[in-house]
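Biologist: Please walk me through this model, one question at a time.

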Number of protein chains: 2
Amino acid sequence: MGDARWLSTEQQRVWRNYMAATRMVESEIERQLQRDSGMPTTYYEIMVSLSEAPDRTLRMSELADRSRFSRSRLSHAVARMERAGWVERRDCPSDKRGAFAVLTEKGFDTLVAAAPGHVEQVRSALFDVLTEEQVDQLGEICATVRKAGPDPFGPGWAG
Amino acid sequence: MGDARWLSTEQQRVWRNYMAATRMVESEIERQLQRDSGMPTTYYEIMVSLSEAPDRTLRMSELADRSRFSRSRLSHAVARMERAGWVERRDCPSDKRGAFAVLTEKGFDTLVAAAPGHVEQVRSALFDVLTEEQVDQLGEICATVRKAGPDPFGPGWAG
DNA sequence: TCCTTAAGGTTGAGCGTTCAACTACTACGG
DNA sequence: CCGTAGTAGTTGAACGCTCAACCTTAAGGA
C-alpha cells in the first residue's frame, strides 16, 4: 500500500484532461439526444442494431452481446422502449426461454429523425475540432486500449 | 435533414473504437472503486478536492465548480456522503445562504485507503497499454477537445 | 425603504444502471 | 428417463443523475 505506483506529473495532467474531455463529449451528446429526441444514447444504439438486422429483429441475447450490455440492462431498456412504442417483444418458437426484440415502424421513424442531429453533435464535439492526423492517432489509441481490455473483440470490431 | 453531414467510413471506425474504449476504461475504473471502496468515482473526486483544500473544507459552490458538477448533483452526493460519515456540512457565518463541506477524518482515511487501488486501475486500463508517444498525443487531443467545448477552462486547467 | 433580481443551495420525481435473486427452459451425463 | 448444470431472460431494490421547482438570503436600484 505504501509503495503504490503513482502517476507522474505528466500522466496526471493527461488523466485530468482525459476525464474532462471524455465526460464533456459524452454529456454533450447525451444531452442533445435526450433533448431533441427524448432518448438516451444507449437506446439509440439499440435501435441502430435492430435497424441493421434482418426483419429489424434480434434475439435479446444477441442484441445484448452486440451492444455489450448486460442482459438485465437490456431487459430494462427494452421494457422502457416497448412502453414508448419503439420496440416489440416476440416469443421465440424454437427456444421457449428466448425472446426476440423487433423495431417497430414508429421506432424506425424515430431513429431516422434522431440521426442527423446526433451525428452533427458527434462531429462538432469531436471530429470538427481535431486535425486528420489527430483523428488517426485517436483511432489507434482507442483500438489499442480496447484490445487490451477484457473481452476486447466482438461483432463490429474493425481494428 | 436529408443532406446531413454523415461520418466517413474512417470516422465511423474511430467513433466506434472511441465509444468502446472510453466506456471500457470508465466502467473498469468505476467497478473497481465501487467493489473495493464502496464509492463511485464522483465521490472519490469530491473527496480529493476536499482533501487538498485548507482545513479540508470548501464552499459547496466552489466544490461544484472545481468538479464541474451541477449544484443539485453535488447536493445529493454530499447528502449521501454525509450519511456515510465521510463529509460534514457546516453553515457559513458570512453568508447565511451558504454552506461548507468538510472532509471528516473517516472520509480522509477512506480516501487514503482507496487511492492505491484506484490509481493502479487507471494505469492498467490506460497508461500501461500506451506508448509514451501515444500518451503525449492523447493529452494533446484531450486538451484540444476540452478547449473547444463549453466552459473550456476552470480550476485545475493545465492545458 | 421597498421592490426586484440574482445567487446559494435543497428537494422530489423520474429515469437508467447495477447487482443479486429468481423463473423457466434446455442440454447432457448417467 | 431422471437429475443436474447451465442458459435466456426478467424482476425489484438501491443508487446516482437530471431537471425543474422551490426556499432563503444578498445586492442593486428607485
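**Sheet, dimer and DNA**

Modeller: Helix 4 of chain A lies across strand 2 and strand 3 of chain A, at about 115° to strand 2 of chain A. Axes are lines fitted to C-alpha atoms, for helices over the stretch in contact, and angles run from 0 to 180 degrees between N-to-C directions. Helices (H or I, at least four residues) and strands (E, at least two) are DSSP runs, numbered from the N terminus. The model is predicted: local features need pLDDT of at least 70, side-chain atom pairs count only at pLDDT 80 or more, and totals for chains, interfaces and linings use all residues. Residues are numbered from 1 along each chain as its sequence is written, while chains are lettered from A and ligands numbered from 1 in the order in which they are written.

Biologist: In what order do the 3 strands of the open sheet in chain A lie?

Modeller: Pairing needs at least two DSSP bridges between two strands. The edge strands, each pairing on one side only, are strand 1 (57-59) and strand 2 (87-91) of chain A. The pairing is antiparallel, and the order is 1-3-2.

Biologist: Which residue of strand 3 of chain A stands opposite Val87(A)?

Modeller: Strand 2 and strand 3 (residues 99-103) of chain A pair in the antiparallel sense over 5 bridges. Opposite Val87(A) stands Leu103(A).

Biologist: Which element gives the largest share of the side of chain B that touches chain A?

Modeller: In this interface, 43 residues of chain B are in contact (C-beta atoms, placed from the backbone, within 7 Å) with 43 residues of chain A. Helix 1 (9-37), helix 5 (105-125) and helix 6 (132-148) of chain B each give two or more residues. The largest share, 13 residues, comes from helix 1 of chain B.

Biologist: Which residues come closest to DNA strand D?

Modeller: A residue is near a strand if its C-beta atom, placed from the backbone, lies within 6 Å of it. Helix 4 (71-83) of chain B is one of the elements that supply at least two residues of this surface. Of the 25 residues around DNA strand D, the closest are Ser61(A), Ser72(A), Ser75(A), Thr42(B) and Ser72(B).

Methods: Two residues are in contact if their C-beta atoms, placed from the backbone, lie within 7 Å.
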